[in-house]
Amino acid sequence: MAQESTTLTTSQRTMQYPQTKTVDVTDDYHGHRVADPYRWLEDTESEETAAWVEAQNKVTQAYLQSLPERESMRARLEKLWNYERFGLPSHKGDYYIYSHNNGLQNQSILYKADSLDGERQVLIDPNTLSEDGTVALGSTVTSKDGKLLAYSLADGGSDWRTWKVRDVATGNDLDDIVRWSKFSGIAWMPDASGFFYARYTAPVEGQELTGTNENQRLYFHRLGDDQSKDTLILERPDEPKWGFSPTVTDDGRYLVIHNWKGSEPKSQVFIKDLTDPDAKVEPFITGFDAEYEWIASVGATHYFVTDNEAPKRRMIAVAVGQSDRENWKEVIPESDDVLESASLFGETFYLGYLKDARSRVARYSIEGNFVDDLPLPGVGSASGFGGRQDATETFFDFTNYVTPGEIYRIDLTTGETSLWRRPETPIQVDDYVTEQLFATSKDGTQVPVIVTRHRDTKLDGSNRTLLYAYGGFNISLTPAFSPANAAWIENGGIYAVANLRGGGEYGRDWHEAGMRLNKQNVFDDFIAAAEHLIDKGYTQSSRLAVRGGSNGGLLVGAVMTQRPELFGACLPAVGVMDMLRFHKFTIGWAWATEYGSSDEADQIENLLSYSPLHNLKSGTCYPATLITTADRDDRVVPGHSFKFAAALQAAQSCDNPTLIRIETRAGHGAGTPVSKRIDEYADLWAFLLDNLQ
């Protein structure tokens, strides 16, 4: 165990933490009386909390800056990050549009070019929108004729989006501004007269980052109008937890509305005939019995990927006017691999499958007949395949743990694939090897673990190893390159990713086996993966660290309280740490479908059994821990991490450091400037190098 090391590291010298006051607050949860002494830290906007944050950051930064590896690690990270990166091109009208980063730019720049290899011109440079690079470009959607680009901006990491419209040819913005949109894309009318979008009511001043997000409404914004004049398309005040995502079919005939509630992967679909000015929004698929992802339409026939009667998903066709379930037609049946995505080009479907958390892409005819598998450059993750149904080309990105994102073009006329861009990095990728292991969980379930290391690494149990996972919300972790992870491996470390239950790697059953009353399976899977790495000689407990973010932060918090002796260091990031109150902030209520909530009497004991905040025990020696969060995280509000850090510091019985690093002008992760990401990883990796002794 890390705490038994005979040599005191920097971090094992006695730490002096800021004093955190406690308050006398106790709640009754269905007969369970639970104290909440750090409740005051939930008020993230108060002066008192701000003083606590400043004091904690002062201690944490003094410690991190003293680490011997910190500056050299930051310098190396900067070099590894400094390579060209391209986004997937899209082509409408006269221009190709794609993003590019020269390496160390805080935000990637959006460019236009009149040909794939033509001279590019700046279309949007987010780096000019703020001095510190914290205003990020969110989504971009081009009108059908390619002349207008709707784009969203995220300020300081918040989930709130402000939409603007830019003339692609001139680079000038129109006067249109749409505010208070969140968890919504936009869908252009075919004539570019305006677009559909979803928004919430403007929050109460002072509660922009903590107030509850309910009653999302779908609107139509006509170009040239003030937002106050936007037309309400759909609202359901009787269902405040419903949300709406708009799509306009390629032929412009229908508005298709994906109707979701919370984070549960079950949905409904509404439809509106855009050719009839008097047409109303009509139910199309109802019942919230399964997930229905709209793919394409041909005339009145609409294609969906669904897990209805198919845990690993299949494709169905549903026709307008014949949407009763007995009229549904199966186009492509469920297979042994999980169907993740689909695109229709002409009369060919491109289907993205997952096979043991690795990509496979297959082509099928529109009638549902298998054509062939698309050859991929290797074993890894392929994504993209965007474009209109009448497109003559599409693009995809390929990556794995040792391959930076390569972009390929597919000629949809011939089906041939060609390389468009391959990044050049200062990493000797041939020196690395990736292998897939399978750990056996507590109940016998086989859990995939993908391990990346230097090919000369000796499996003698001495290697510093970082194990990462997520395990929730039907999200699949697939191989992807990271310059930060490359720096870790380059320093002799091993990087492992576990695909736990709760994720989507094996379909609906795999997800449901790790949610609500089954949540402990996720923690058991993670613990099994850690023990497997030790048993197979990759590492030992004192040299093993675990990391995860958001739901993965909850994961790390849960396993470090259940098995503190198993790990040498823990890195919980932006985690859901208070399982009794998560649903009371921003979009947290939406996660009750995944976790259950303390409002439900049959869930309270399960939540209490693993809630990280409530399972810290005074007098326990916890692993060296560096908690990370951000002051503008309005997804998982930072109060979770604040309370957990205070409680962990109070409970810690040994000299292992228990620190919290609170980033400013940042949020849940998306859009974080490159400079801030490099600083954070320099801190994380230096912390691990000092503690995994």
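**Ground rules.** I take helices (H or I, at least four residues) and strands (E, at least two) as DSSP runs, numbered from the N terminus. The model is predicted, so I ask for pLDDT of at least 70 for local features and 80 or more for side-chain atom pairs, while totals for chains, interfaces and linings use all residues. Residues are numbered from 1 along each chain as its sequence is written, and side-chain values use heavy atoms, with hydrogens and water left out.

**Entry 1: the whole chain.** I counted ten helices and 39 strands. For 693 residues a compact globule would come near 26 Å, and the chain, at 25 Å, agrees. The C-alpha trace spans about 75 × 55 × 50 Å along its principal axes.

I call a residue buried under 20% relative accessible area, exposed over 50%, and partly exposed in between (1.4 Å probe, protein chains only). By that rule 59% of the 693 residues are buried. I also looked at contacts, meaning heavy atoms within 4.5 Å. Among contacts with a separation of 6 or more, 57% come from residues 24 or more positions apart.

**Entry 2: helix α1.** The expected span of a helix is 1.5 Å times one less than its number of residues. Helix α1 covers residues 47-65, 19 residues in all, and reaches 26 Å from first C-alpha to last, close to the expected 27 Å.

Which residues of α1 are buried? I found Thr49, Trp52, Val53, Gln56, Asn57, Val59, Thr60, Tyr63 and Leu64. They sit on the same side of α1 because they cover an arc of only 165° around the axis, judged by the directions from the helix axis to the C-beta atoms. An α-helix has 3.6 residues a turn, so residues three or four places apart point the same way. On the face turned away from the buried side I noted the exposed residues Glu47, Glu54 and Lys58. The cover over the buried residues of α1 includes α2 (70-81), β38 (624-630), α9 (639-651), β39 (658-663) and α10 (674-691).

**Entry 3: two open sheets.** I count two strands as paired if DSSP finds at least two bridges between them. Seven bridges join β16 to β17 (254-261), and Trp242 has Lys261 as its bridge partner.

Another open sheet of four strands runs β8-β9-β10-β11, again with antiparallel pairing. Here β8 (135-142) and β11 (173-181) are the edge strands, and the twist averages 25°. Six bridges join β9 (148-155) to β10 (161-167), where Tyr151 stands opposite Lys164.

Entry 4: Strand β24 (338-345) is largely enclosed by the rest of the structure, because six of its eight residues are buried. Seven bridges tie β24 to the antiparallel strand β25 (348-355), and Phe345 has Thr348 as its bridge partner. Two residues lie between these strands, and Gly346 takes a positive phi near 60°.

Technical notes. The radius of gyration is taken over C-alpha atoms; the globule rule is 2.2 Å times the number of residues to the power 0.38. Axes are lines fitted to C-alpha atoms, for helices over the stretch in contact, and angles run from 0 to 180 degrees between N-to-C directions.
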